[in-house]
Amino acid sequence: MVRSESSGLRWLSGLLLLCTAAFTPSGAVGQVATSKTSRDTGLVAWQQVYSVLTYPRCINCHTATNYPQQGDDRHRHLFNVVRGPGGKGVPGLNCATCHQSENANSTGVPGGYNWHLAPLSMRWQDAKDNILSSAEICRSLTDRSKNGGMTGAAILRHHQQEPLVLWAFDPGQRRDGTLRSRPPLTHEQFVAATRTWVDAGMPCPTNP
Amino acid sequence: MENYKLTINGQAKEVTVDPGTPLLWVLREELKMTGTKFGCGISACGACTVHVGGVATRSCVLPVSLVGNRPIVTIEGIGKDPVGRAVQEAWVSEDVVQCGYCQSGQIMAAVALLKGRPKPTDADIEASMGGNMCRCGTYVRIREAIKTASQHLA
């Protein structure tokens, strides 16, 4: 039997739809892959990104609580520091009360431009300071109602250029002169992993 | 050693110090402005609080090299500011001070609070002043003095 031209087109359209679905991330926000980077490759890259996002240098300021955290043990920030309405502390006790635009290595206080907490919509911990799962953080990061309206390209730029992201890879030294620990990837590796994940359509792991 | 030009309480000052020298040491040791106190040296107590560019800042952890061209106001100059004057007067009328060691830092933090929140609630006062320690336990009188100053400024 000879397939008609119209039925052939319908078959091709269906195949394209299936392919599109296969490349759609399982998270709340589906972005269609725009390159040949596979979903599996994207998921591997995402796990690399996740390993950085959940490192203390990053996650200490992505809390779900009224305070930032400090140190590799992610303890509550000392000195009764609170989040404040804009994530920059409160009058008289702002982040800038101690944190300057760059690391103050002679006194051990970390610093970066516009030091502040991430908004609560970008919390990567629960109310008990437990780190959210890979799938949960991925869904938050790709949800434009939570991530400040960022597209994949904007997320990549954020990881490439945001001063506080850059700070995490050059976090300076503590009061005792020892270096703060750094994320498991270099900044270049982190950006490359983000790019691969974005190119794959920002796939998220399935629950949980 | 580097040379730094600073504006402190509206006056030009010049010091030659190591870039990593905390502003507190510059104030107390180089400029002999001893109103600002050393408490802990790690920004934990607030005794060293000054205003840098209008922000309450712990001078014990601020290297002088990072001050830039931001104006500095210390306890010696805060009385020239209307809010600062009102806070100082309230501190006297409420008889806040006991030993007094932490009070210059308390006043500098209170002024920053009132500039940001002219009518602070108890919760606002607790959040803003929570980083300033007082071993004499004058917290209740500090809170009352902040409210008194707020009323006078209204």
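In this model, 20 residues of chain A are in contact with 24 residues of chain B, where contact means that C-beta atoms, placed from the backbone, lie within 7 Å. On chain A's side of that meeting, the residues are eleven nonpolar, seven polar and two charged. Here Ala, Val, Leu, Ile, Met, Phe, Trp, Tyr, Cys and Pro count as nonpolar, Asp, Glu, Lys and Arg as charged, and the others, Gly among them, as polar.

The model is predicted, with local features needing pLDDT of at least 70 and side-chain atom pairs counting only at pLDDT 80 or more, while totals for chains, interfaces and linings use all residues. Residues are numbered from 1 along each chain as its sequence is written, and chains are lettered from A and ligands numbered from 1 in the order in which they are written.

**Nonpolar cores**

- The largest nonpolar core has 48 residues, and V87(B), M108(B) and A110(B) touch the most other members. A core is a set of buried Ala, Val, Leu, Ile, Met, Phe, Trp, Tyr and Cys residues joined through C-beta atoms within 7 Å; buried means 20 or more other C-beta atoms within 10 Å of a residue's own, placed from the backbone.
- Elements of chain B giving two or more residues to this core include β1 (2–8), α1 (23–30) and α2 (82–93). Helices (H or I, at least four residues) and strands (E, at least two) are DSSP runs, numbered from the N terminus.
- The largest share, eight residues, comes from α3(B).
- Beyond its neighbours within four places in sequence, M108(B) is in contact with T49(B), V50(B), H51(B), A56(B), I75(B) and I78(B).
- There's also a second, separate core of 20 residues, with Y50(A), C138(A), F190(A) and M202(A) among them.

**α3(B) against α5(B)**

- Helix α3 (residues 103–116) and helix α5 (residues 139–153) of chain B pack at about 45 degrees, with axes 11 Å apart. Axes are lines fitted to C-alpha atoms, for helices over the stretch in contact, and angles run from 0 to 180 degrees between N-to-C directions.
- That makes α3(B) oblique to α5(B), since angles under 35 degrees count as roughly parallel, over 145 as roughly antiparallel, 65 to 115 as roughly perpendicular and the rest as oblique.
- Q106(B), A110(B), L113(B) and L114(B) of α3(B) meet I142(B), I146(B), A149(B), S150(B) and L153(B) of α5(B). This contact has seven nonpolar, two polar and no charged residues.

**α3(B) against α4(B)**

- The axes of α3(B) and helix α4 (residues 122–129) of chain B come within 10 Å and cross at roughly 130 degrees.
- A109(B), A110(B) and L113(B) of α3(B) meet I125(B), S128(B) and M129(B) of α4(B).

Key: Two residues are in contact if their C-beta atoms, placed from the backbone, lie within 7 Å. A residue is buried if 20 or more other C-beta atoms lie within 10 Å of its own, exposed if 12 or fewer, and partly exposed in between; C-beta atoms are placed from the backbone.
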